[in-house]
Amino acid sequence: MATEHTPEKRSALDRFLSGLSESIFQTKLGVADVQLIGYVSDLMLRFVRIDAVHKMRRGDGRPATEVFQLLCEAERRMGIAKREVHRHIGDVTLFWAGMFPESVRGDGKDSPDQLLNYFQHGKRSYKIASTIQADESRPPCDLLDRLSDQFELCAYGLREIRREMDEAEPGEQLLLS
């Protein structure tokens, strides 16, 4: 899936994340799947805002802030709504496992997420989402299936993107090879 923005309307951050994603995935990891790379780049751009991470709501209207809560919500839903929750679980677990692996054990000792395996649940959720057909405005089923199959590689790619950003000197532009 290419970025959802037209080239002339893409922000500097969008162009930066796309370029960095392409560089890491194509050059360092040897991944030439443009649709997969575009999805990962869009994921980072969407999750710049924390409200996108917490966009799913529980039955009482409060945001589902933990993967455990999202899993419960997915069981309550059907059709496209179920697909969207499972896709979101895949996105959240991929983002956190890749960009912030040190924090994937939940918010604290009382969090139900501390017992969850983000890789297992992310792969499983993308796989479930890939089995539910949707219209062409949503990511295609085969892309979600590839995200499930390539979950570990995508998480590693995100870790490499973070490492590249962390190693840049303050004020230094990241040069993409």
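Analyst: Glu 73 lies in helix H4, which covers residues 67–76. Is Glu 73 buried or exposed? Its relative accessibility is 4%. The cut-off for buried is under 20%, so Glu 73 counts as buried. Now look at what surrounds the residue. Leaving out residues up to four places away in sequence, Glu 73 touches Arg 57, Arg 58, Gly 59 and Val 85.

Keep in mind that this is a predicted model. The chain has a mean pLDDT of 86. Of its residues, 84% reach 70 or more. Confidence is lowest in helix H3 (residues 50–53), with a mean of 80. It is highest in helix H7 (residues 141–149), at 98.

Next comes the helix pair. Helix H5 spans residues 79–99, and helix H8 spans residues 151–167. Their axes come within 7 Å. They cross at roughly 45°. The crossing is right-handed.

Which residues meet there? From H5 come Gly 90, Thr 93, Leu 94, Phe 95, Ala 97, Gly 98 and Met 99. From H8 come Phe 151, Cys 154, Ala 155, Leu 158, Arg 159, Arg 162 and Met 165. In this contact of H5 with H8, nine residues are nonpolar, three are polar and two are charged.

Methods:
Residues are numbered from 1 along each chain as its sequence is written. This is a predicted model: local features need pLDDT of at least 70, side-chain atom pairs count only at pLDDT 80 or more; totals for chains, interfaces and linings use all residues. Side-chain values use heavy atoms; hydrogens and water are left out. Helices (H or I, at least four residues) and strands (E, at least two) are DSSP runs, numbered from the N terminus. Buried means under 20% relative accessible area, exposed over 50%, partly exposed in between (1.4 Å probe, protein chains only). Contact means heavy atoms within 4.5 Å. pLDDT is the predictor's confidence in each residue, from 0 to 100. Axes are lines fitted to C-alpha atoms, for helices over the stretch in contact, and angles run from 0 to 180 degrees between N-to-C directions. A crossing is left-handed if the near helix is turned anticlockwise from the far one by less than a right angle, and right-handed if clockwise. Ala, Val, Leu, Ile, Met, Phe, Trp, Tyr, Cys and Pro count as nonpolar, Asp, Glu, Lys and Arg as charged, and the others, Gly among them, as polar.
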